[in-house]
Amino acid sequence: MADFTMPALGADMETGKVVEWLVRPGDRVKRGEVVAVVETHKGAIDVECFLDGVIENLAPLDVDMPVGAVLATVHGAGGVETAAPAPRASAPAAPPAAAPAPAVPPVPMVGPLVATTRARVSPAARRRAAELKVDADRLSGSGVDGAVVIADVERAMAAGAPAPRATRGGFDPVLMRQAIAAAMARSKREIPHYHLAETLPMRRALDWLRDTNEARPVTERLLPAVLLIKAVALALRDFPELNGWFVDGTYRPSPTAHVGVAISMRGGGLIAPALHDVAAKNLTLLMRELADLVKRSRAGGLRSSEIADPTVTVTNLGDQGVESVFGVIYPPQVALVGFGRIAERPWVDDGRVIALPVVTASLSADHRVSDGHRGARFLARLNETLQQPEAL
Amino acid sequence: MTTKIRLDRAHLHHLWRQMLRIRRFEARCVELYQAQKIRGFLHLYDGEEAVAVGVASALDPGRDAVVATYREHGQALAWGVPMTTLMAEMLGKVEGCCRGRGGSMHLFDRRRRFYGGNAIVGGGLPLAAGISLADKRLRPGAVTACFFGEGAVGEGVFHETMNLAELWQLPVLFVCENNLYAMGVPLADSEVETDIRRKAQAYRMPAEQVDGMDPVRVEDAVRRAAEHIRGGHGPYFIEARTYRFRAHSMFDTQAYRTRDEIEGWKRLDPIERLRAWMVANHELSDAEAASIEAAVDAELDAAVAFAEAGTPEPVDQLERFVTMDEVVQETQP
Amino acid sequence: MNEPVRMTYREACRQAIRDALHADPRTFVLGEDVGRYGGCYAVTKGLLEEFGPERIVDTPLAENGFTGLAIGAALAGLRPLLEVMTCNFSLLALDQIMNNAATLPHMSGGQFAVPLVVRMATGGGRQLAAQHSHSLEGWYAHIPGLKVAVPGTVEDARHMLAAALADPNPVLIFEHVVLYNAEAELDSGVSAVDLQHAKLRRAGRDVTLVTYGNGLPKCLAAADVLAGDGIEAEVIDLRMLRPLDMPTIVGSVQRTRRVVIVDEGWKSGSISAEIAARLAEDALYELDAPIRRVCSREVPVPYAAQLEEAALPSIDGIVAAVRSIVPRRD
Amino acid sequence: MNTNDIRSGIVAAIQDVAPEVDEADLCSDRPLRDQVDLDSMDWLNVIVGFHERFGIDIPEVDYAKLTTLDTIAAYIATRLAPRGA
């Protein structure tokens, strides 16, 4: 027994009604025989039935029915099983769904946002920042793609963010010293620091670095510092409580790690310009940005507008021969990672003592936001990250 | 029926089988359309089978080329495009002859030189002229058959192409399927000169009118045309007067013609007339007829099964072939 | 090859066609008055005598017809080089170009390529009035399946054709009427060019001028004027409107932070609108100023000289647009 | 490229990184890194400076040979010698 259903008579046909039956219940019908006349929005059309057999319970005349609705039954019949399951009379007037299209994966229509070379500040935010004399470049963005939006500027204005540095061009050492003094004093006053340290094996990292550098031209040669900075950024991804800003009693984690690199100026003084989106950049790009940043800052060529606000700082005093360093956090950040000198030390390796290059990594963190337990876990993650240098 | 010099039994069966394949293919399309498995527009060939079959029988598929229209199932089947890939194309499957991208109005088959349907009335005419220009230089003796309906003679491109073809003596056969209606407009309401053959004479192109309901007469006319063309005497024009039994397309109430007119023409059904003639002249036994019909139905069921088992082309292939990396018809003939 | 090193844009086009005809017997030129008359802009002068009527074919005035015919010939093994006298007449052939040439490869499921090249003159500036002064290359750049080349230099006019004929896809080459008389030295070291990348024609740090075709000489002139004010303008020659080389444009904007797009089409729905939209989508944070566009005024190009000049993009217009987004150097 | 040219090239590369250095103050036989504040990044930038000025790539393993101005100059001279400077 098979159903004779309302046929789809045109691309845009949704409903139809039988205005005339050309057969009577009990008649024998043959494939392709015209059995009814159906009225559609384009007019009356003869409708064939593709079933052989005896036709019964004919649908009433002049009743609007959706495509696929049962119009009659033909028993003793074969024929093409229709796509629309019967009965459909109750189907809502909405157009019957054709065979469900395969789940269409969202094809990203928009190209990826171009990797920008500077802070992302929306045009509107930039104009508002100019009005309020707020340095938009130094703000951390809450907008899409981490962009600084008007709300960020206005919140920073409310929070009394520091006005942009007075001097254009290079740095005035005296002013510089005062700024550092103020920041360090404020940090000690407000931030309950806790300090942790861990010694990290560097054999794998240094071997990988040596082999990598051999295959590269000198202009693309990597330094251990860039491995350490990238490792910090990657490790921080799972420790949002160490990467962000603490302002007016509330802490806002940053979606990405802008790592401030502490650089001592040749004329004395210290600045910590940020490398942006460190986790997203490869070592070659990071090395080039770091080399450029260090060269220009130590030679005094860095402009104040370039010091975007880092969300965490790394200080690397290895060069100066110090074994470990417990730094002071730069407000409003909540953590500082320090690295001492990479040097060979005795190391017990399954019962035997061997010489192994190691580095002492330290974490100074703000106890209002994180606890030692989490700090220790971070250092452990930092260690794991450094053991797979090829993944950096 | 003309008294052909010698109509051998096998050839008559061939003509009849081909027309039957087309008729039943179209009927199954209606069924699948009403079951919403075929969508979009669907233009069926019922009644005009003699034209496509007559032309194909007189030409050499694979060597010669065809450019068809959007009412092209009959032309494709007669030219040898497999029923499987055609049905799969109608169901929008990647196994279709165009990977499901063309549908009923845009069927292509490179290996058989079936240069597609075309949904723009007259859109295929200049293509056919161009193909024949290339053949004149690269494949001497090849003929390009260009199908179009009488509606196309209203298009400027028809006149431009007819002139170019005769001007440059191109080896193209123009086959006008004059089924008396361009969609809903009868010929007399759209053309001053309704004797379409006379339009060719305006371009000094040899032309003839033939009974488009009789495959033997069509084949006979096309043989003469092919001889003319292959002999290097330029294009040839055939107006086949025929009639479509079904609506223009799936959604046409046919208000423009009467049932009686349709029934009148149905008495000239090329399939029934050829069957009756063969039976009367002992060229077709009931058993042979039954076996041919069974074979056609089997081929059709297999084609539908093939199509229904087909798969949709993955969406990540969407942009493939927008531009081509090579002239594929030459690098992979 | 003792080819003259200095030549006009027109001669470069002719030499390119001559090379093409020698290189491939399947190539033939067809179009209105390309034979006896020598081409409406004299690009094909002398080629009928050199190659004969089989390969330099004068056509009747039937753009849709002979364009469709050229497509068919390309489908079946020839390499037609079609000249549609000017883009104004190509409107009659738009059906064949869009519905057949651009569509068949994809619609046939990849069974056919359409190795066709169509050359058209384009643009205004010769007082030919509205029906002969359109600049429609931007429209064609809207159509997937086509490639659109807009040679703005003699070098590109000389070498783009060979690349187009080698390309399996339909390539439309738009030659601006004003450029035909431009003259330049050819670098003998350059024997081929690509159909993909834009090119930096002038380096600068303060603003990026993005243009093509007859916009190029105007932008270079504008850059010279601006240099007098201490404003260094960078000039990017698109060379291709499809595919559009956005990475080169964005790379420049990332340095200059400011961009002016110069396009002889009308602003609404033009190629300059497309470039501006893509910059806003992909490089918003690189911009320090709004995107500016210098296009033809939205009028049918008038005949009278002063009106036509007012309608088309001008050097002063470009300079003014730059000044509106680059702070004065005091 | 005689020794004077090499010497001035070396000093120029160093001044690039440490502008405050004056050639007169440098004595050529004392370790350079005792006389000039060069951290590992500065030193890499100096090496890149040698690369740009002398067109030579100095592998990390040779760093140990580059202690004083004299040893650096000698090292660079040998690296340039095969080119018949």
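The model is predicted, so local features need pLDDT of at least 70 and side-chain atom pairs count only at pLDDT 80 or more, whereas totals for chains, interfaces and linings use all residues. Residues are numbered from 1 along each chain as its sequence is written, and chains are lettered from A and ligands numbered from 1 in the order in which they are written.

Strands (E, at least two residues) and helices (H or I, at least four residues) are DSSP runs, numbered from the N terminus. In chain A, an open sheet is formed by four strands in the order β1-β8-β6-β3, with antiparallel pairing. Its edge strands, each pairing on one side only, are β1 (2-5) and β3 (28-29). Within the sheet, Val29(A) stands opposite Gly53(A) of β6(A).

In chain C, helix α9 (residues 215-228) meets helix α13 (residues 315-323): their axes come within 9 Å and cross at roughly 55°. Axes are lines fitted to C-alpha atoms, for helices over the stretch in contact, and angles run from 0 to 180 degrees between N-to-C directions. α9(C) and α13(C) are therefore oblique to each other, the term for angles that are not under 35 degrees (roughly parallel), over 145 (roughly antiparallel) or 65 to 115 (roughly perpendicular). Among the residues making the contact are Ala222(C) and Val225(C) of α9(C) and Ile318(C) and Val322(C) of α13(C); residues are in contact if their C-beta atoms, placed from the backbone, lie within 7 Å.

Two cis peptide bonds may be described next. One joins Pro331(A) and Pro332(A), with omega about 0°, and Pro332(A) is placed in the loop between β16 (312-316) and β17 (335-339) of chain A. Another joins Arg242(C) and Pro243(C), also with omega about 0°; Pro243(C) lies in the loop between β12 (240-242) and α10 (246-256) of chain C.

In chain B, Arg113(B) is not a glycine, yet its phi is positive, at about 55°. This residue lies in the loop between α4 (83-90) and α5 (125-138). Arg113(B) counts as buried because it has 24 C-beta neighbours inside 10 Å; the term buried applies when 20 or more other C-beta atoms lie within 10 Å of a residue's own, with C-beta atoms placed from the backbone.

Note on methods
Pairing = 2+ DSSP bridges. Contact = placed C-beta atoms within 7 Å. Buried ≥ 20, exposed ≤ 12 C-beta atoms within 10 Å, placed from the backbone.
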